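Subject: Model handover and notes

Hi,

Here is the model I promised to pass on to you.

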Amino acid sequence: MTELLAQYGLWLLFAVVLAEQLGLPIPAVPLVMLAGARVADDPLYGVLALAVAVAASALGDAAWYVAGRLHGHRVLRLLCRISLSPDTCVRQSESTFTRYGIATLVIAKFVPGLSTLAPPLAGALGMKPSAFMLFNTAGAVLWAGAALLLGLLFAAQIDAVLDALAEMGIYAAALVAVLLALYIGWRWLDRRRALRQLQSERVAPEDLLAMLDRGDAVTVVDVRSGLITEAEPVRIPGALHIELEQIASQLHRLPRDLPLIVYCACPNDVSAVRAALKLHAAGLKHARPLRGGIDGWRAAGYRVEGLEARLS
């Protein structure tokens, strides 16, 4: 890697950072730290490396932001389908945005998973381009600057590790390959386990419509986050809006012995499934997630009504 950096320099740094921000599983921090290790001998190189890393990061993030503006949450579903992380990543990102607002973009690159999801989520939520570029660039400067500083501070230790790996030769490459394969395998198995958990019995939109048309005593619960309901202020007619994080404190509003249909607007109905599991644990055994969530309901052509979303 040191030889590659010496040969291709800032072009390699730009390509790796851009690839990571576009979502490829290529860790850019080690390369940025290697660039930081060269700062002691060439301070100007550090300034150029910072500018290149920030430019590449901003370019990749801008592409995802535009995709989020144009295609909304469909982009987030795509990211979760190709990601090795479980689909809870979208909900966790939404929760972080709810808690910290636009400042999320400043810390996003320091949080695994959030770094890739924050730009399209900002676009899907309708964040102004000027605000996005300002806060996202500030986050990129902090991230790249921190990695360069770490490389500068630990330059001697980095050189020692690289020398040791060079002495090991092919064995070092084999060790790295084995560790990488084990990591990817573990994440894949963890994802499969999460997806199996999501295959609990779900209610089809047409079945819920039949229940409502018959006048069955069914309670519909909307567990979407406040940010999402603000962006799409509609609901299935008569649904109660209780965010996933508030389920435990709102149990008194829900019947214990009657059907409960829970829906969300996230990949694989993950928030609805999590809410159903929470309700089961609290003794509400008739809770079931709606297949496809509100998007599946609307895609079937069924009626929705307005929802006045309120953020805490």
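Two strands count as paired if DSSP finds at least two bridges between them. Helices (H or I, at least four residues) and strands (E, at least two) are DSSP runs, numbered from the N terminus. This is a predicted model, so to speak of local features a pLDDT of at least 70 is needed, side-chain atom pairs count only at pLDDT 80 or more, and totals for chains, interfaces and linings use all residues. Residues are numbered from 1 along each chain as its sequence is written, and side-chain values use heavy atoms, with hydrogens and water left out.

Four strands form an open sheet in the order 3-1-4-5, with parallel pairing. Its edges are strand 3 (240-241) and strand 5 (287-289), each of which pairs on one side only. Strand 1 (residues 219-222) pairs with strand 3 over two bridges, and D222 has H241 as its bridge partner there. Strand 1 is also joined to strand 4 by four parallel bridges, with V220 partnered by I261. Between strand 4 and strand 5 there are three bridges, again parallel, and V262 stands opposite P289.

In a regular strand, side chains alternate between the two faces of the sheet. In strand 4, L260 and V262 point one way while I261 and Y263 point the other, and all are buried (under 20% relative accessible area with a 1.4 Å probe, protein chains only; over 50% is exposed, and partly exposed lies in between).

The helix pair

Helix 3 (residues 43-71) and helix 7 (residues 114-124) have axes that come within 6 Å and cross at roughly 40 degrees. Axes here are lines fitted to C-alpha atoms, for helices over the stretch in contact, and angles run from 0 to 180 degrees between N-to-C directions. The two helices are therefore oblique to each other; under 35 degrees would be roughly parallel, over 145 roughly antiparallel, and 65 to 115 roughly perpendicular. Contact means heavy atoms within 4.5 Å. On that basis, D61, W64, Y65, G68 and R69 in helix 3 meet residues of helix 7 including S115, P119 and A122.

One residue to look at

Which residues does Q21 touch, leaving aside its neighbours within four places in sequence? They are S57, G60, D61, W64, K109 and S115. Q21 lies in helix 1 (residues 2-21) and is buried, with a relative accessible area of 2%.

Best wishes
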